[in-house]
Amino acid sequence: ALSLASQYRLRYKFSGSINLTYREDVRGEKNTKDYSKSKNFRVTWRHQQDSKASQYSSFSASVDFSTSGYNTSNINNYYNPAEQSKNVTSSSINYTQRFPESPWSVSLNASLTQRTQDSTISLTLPTLSVNMSQVYPFKRKKAIGKERWYEKIRLSYSMTASNSINTKENMLMQSSFVRDWKNGVKHSLPISASFTFFKYINFSISESYNERWYFNRINRDWDLTRQEEVQDTTYGFYRVYDFSTNASLSTKLYGYYTPYRKWFGDYVDRIRHVVTPSLSFSYHPDFGSEFFNFYDSYTKTIVDKNSINPISQEEVIYSPYSQGMYGVPGRGVSSTLSFGLQNNIEMKVKDKNDSTGMAYKKVSLIDNFSLNWGYNFAADSMNWSNLSTSIRLKLTKRFSLNLSGQFDPYMYTTTESG
């Protein structure tokens, strides 16, 4: 065996350590049944950047990689149960770069999970992330007068590209990047804006767009002869996208009540009730329709072994991109109108600890009592959703009580015939 260990440090920059071990393990004698010979190695690397090195970039590494037989055949571990039973090791390398006076940032990551028991490797190399923080693209640099409505539009952007593979240790170097590696790119572009109408009504609207790039698709069909599903992978460039729209209205209503002085005296100054009604609408189309072409189907026919007569037939709907790294949009259209109502009740009373008798404090009667309901226009029946309710009461400064429940607007009953 040959081992190398080193530590390094550059003041105010970085520090770390690296350990390399190469070992040749021989068991038994030549020309005997129990004779074996194997080569094993292990690499551990720890790297940490000093926080004072750079405020815009960072680099770190935590690597622990070894061949599957490194621990089991290591004579130094025979009396070390912790090392003998060590089954999973993880490694990661991360780099992040931020740009001064810019909303953009870039990060690179590599990760490796190794299961030494069966020499399985899960490798992601690399994962590239590009992010743009929220910006106002139509905002004037030199604003004159009131803010325009389009200046309130804000957007952000993120892109993630990744390659990963699950394979055996001895098959990693023989794997094909096209056939064996799973890869994809995902783009996300959320756009939103908030406005105020008549000084008291808040209106928000948002649009979310996601696009996935895949480089293969898996077509499925039913083999009538073998009575099983068959798959065929085709390679190319495929776009899979989805989008949704949300809009909401909300406001706040304040009500004050002064208790009858002859009954309650001046201990209770007043009671305040805050009501926050909200109305929101969300929509996304049916991405399982033929227009988008993200789903396909085949007929599963079960036949009798002794004849060609079909026993049963079933239409199987699937997506050729269901095995993709970032999934596939769901089927079904959604067009939902949601109602919300939040309540808060507080009481202003005299503070008994104040010697002047002029100070007041707030006491929560109902910290929050909310009602939420919805109606789905796209559903063919039972359009109303369950009515969700919750209440939170502050019993003391340290304790609170939370209760929640749901009420179903529909009820099933059995009808006796005859």
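Tyr-209 is partly exposed in this predicted model, with a relative accessible area of 27%. Its ring pairs with the ring of Tyr-241, the two centres being 6.3 Å apart and the planes at 25 degrees, so the pair is stacked. The points below set this pair beside other aromatic contacts and then turn to the pockets.

**Aromatic rings**

- A pair of aromatic rings is described by the distance of the centres and the angle of the planes.
- In this structure the count comes to 25 aromatic pairs, and one of them joins Phe-177 and Trp-181, whose ring centres are 6.0 Å apart and whose planes stand at 35 degrees, so the pair is tilted.
- The rings of Tyr-209 and Tyr-241, with planes at 25 degrees, are stacked because planes under 30 degrees apart count as stacked.

**Charges over rings**

- The charged end of Lys-139 sits over the ring of Tyr-136, at 5.5 Å from the centre of that ring.
- In a second case, the charged end of Arg-331 sits over the ring of Tyr-295, at 5.9 Å from the ring centre.

**The largest pocket**

- The largest pocket holds about 390 Å³ of space, and of the 20 residues that line this pocket, the closest to its centre are Asp-180, Trp-181, Lys-182, Asn-216 and Gln-323.
- Strand S8 (154-168), strand S9 (182-197), S10 and S11 each supply at least two residues of this lining, and the largest share, five residues, comes from S10.
- Sorted by class, the lining of the largest pocket has nine nonpolar, seven polar and four charged residues.

**The second largest pocket**

- The second largest pocket has a volume of about 220 Å³, and its lining is made up of Lys-361, Lys-362, Val-363, Ser-364, Lys-394, Leu-395, Thr-396 and Lys-397.
- Strand S17 (residues 360-376) gives the largest share of this lining, four residues, and by class the lining of the second largest pocket divides into two nonpolar, two polar and four charged residues.

Terms used:
Residues are numbered from 1 along each chain as its sequence is written. This is a predicted model: local features need pLDDT of at least 70, side-chain atom pairs count only at pLDDT 80 or more; totals for chains, interfaces and linings use all residues. Side-chain values use heavy atoms; hydrogens and water are left out. Rings of Phe, Tyr and Trp (its six-membered ring) pair if their centres lie within 6.5 Å; planes under 30 degrees apart count as stacked, over 60 as edge-to-face and the rest as tilted. Buried means under 20% relative accessible area, exposed over 50%, partly exposed in between (1.4 Å probe, protein chains only). A charge sits over a ring if NZ of Lys or CZ of Arg is within 6 Å of the ring centre and within 35 degrees of the ring normal. On a 1 Å grid over the protein atoms alone, a cavity is a set of points where a 1.4 Å probe fits but cannot get out, and a pocket is an open set with protein on both sides within 12 Å along at least five of seven lines; lining residues have an atom within 4 Å of a point. Grid points are joined across faces, edges and corners, and a volume is the space filled by probe spheres set on the points. Ala, Val, Leu, Ile, Met, Phe, Trp, Tyr, Cys and Pro count as nonpolar, Asp, Glu, Lys and Arg as charged, and the others, Gly among them, as polar.
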